[in-house]
Amino acid sequence: MENRKLLTIGDLTARIPVIQGGMGVGISLSSLAGNVALHGGVGVISSAQIGFRDPLWEANPVETNLRVLKEEIRKAKEIAKGGIIAANIMVATRFYEKYVKAAIEGGIDLIISGAGLPVELPQFVQNTKVKIAPIVSSLKPYEVIYKYWKKKYDRLPDMVVI
């Protein structure tokens with residue numbers, strides 16, 4: 001038997017220390033994320049224009065994206081059978097807070113957030129078990145987030161993506 005290290009994020013444990021990338025429009029959806037999680041890694045759904053294939057998207061892209069994000073999370077969790085599902089939500093996204101709340105409503109385990117500093121993310125996940133992970137490019141933005149989150153929310157990142 002292999003001696004494999006586990007990946008622990010708060011009270012979540014992945015059997016394999018792998019986090020699948022939350023890749024752009026139409027790539028990281030429920031099938032990929034669910035199967036990564038099913039096999040022991042952390043599956044990631046990208047929220048970027050996630051509803052673009054839906055017939056209602058052109059008429060109402062924001063509401064369609066929010067609905068489809070929840071649907072994709074639920075589908076991924078069904079496939080994952082208890083595995084960890086994350087959402088990659090860019091801070092630069094218009095209606096960022098709505099996307100975070102939709103992911104929480106969909107049952108997400110972890111929110112990974114970059115393309116800007118996710119300074120308000122702890123506020124949006126208060127009173128939930130959702131884990132949070134900022135994406136940073138260097139030590140400087142991490143220090144900004146660390147100090148701000150600690151002072152304003154008494155919360156630290158559960159994980160950091162560099």
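Me: When do two strands count as a pair, and which residue stands opposite V44 in β4?

Reply: Two strands pair if DSSP finds at least two bridges between them. In this predicted model, β3 and strand β4 (residues 84–88) meet that criterion with five bridges, in the parallel sense. Within this pair, V44 stands opposite A86 in β4.

Me: What holds such strands together, and in which order do the strands of the open sheet follow one another?

Reply: In general, strands of a sheet pair through backbone hydrogen bonds, in a parallel or an antiparallel manner. Here, four strands form an open sheet, ordered β3-β4-β5-β6, and their pairing is parallel. The edge strands, β3 (42–46) and β6 (131–134), each pair on one side only. From one strand to the next, the twist averages 25 degrees.

Me: Which helix lies across β3 and β4?

Reply: Helix α3, residues 61–80, lies across these two strands and runs at about 160 degrees to β3.

Me: How many helices and strands does the protein chain have, and in what sequence do they run?

Reply: The protein chain has six helices and six strands. Read from the N terminus, its elements run β-β-α-α-β-α-β-α-β-α-β-α.

Me: Why is the radius of gyration of the protein chain said to agree with that of a compact globule?

Reply: The two values are set side by side: a compact globule of 162 residues would have a radius of gyration near 15 Å, and the protein chain has 15 Å, so they agree. Of its 162 residues, 44% count as buried. Among contacts with a separation of 6 or more, 55% come from residues 24 or more positions apart.

Note on methods:
Residues are numbered from 1 along each chain as its sequence is written. This is a predicted model: local features need pLDDT of at least 70, side-chain atom pairs count only at pLDDT 80 or more; totals for chains, interfaces and linings use all residues. Side-chain values use heavy atoms; hydrogens and water are left out. Axes are lines fitted to C-alpha atoms, for helices over the stretch in contact, and angles run from 0 to 180 degrees between N-to-C directions. Contact means heavy atoms within 4.5 Å. The radius of gyration is taken over C-alpha atoms; the globule rule is 2.2 Å times the number of residues to the power 0.38. Buried means under 20% relative accessible area, exposed over 50%, partly exposed in between (1.4 Å probe, protein chains only).
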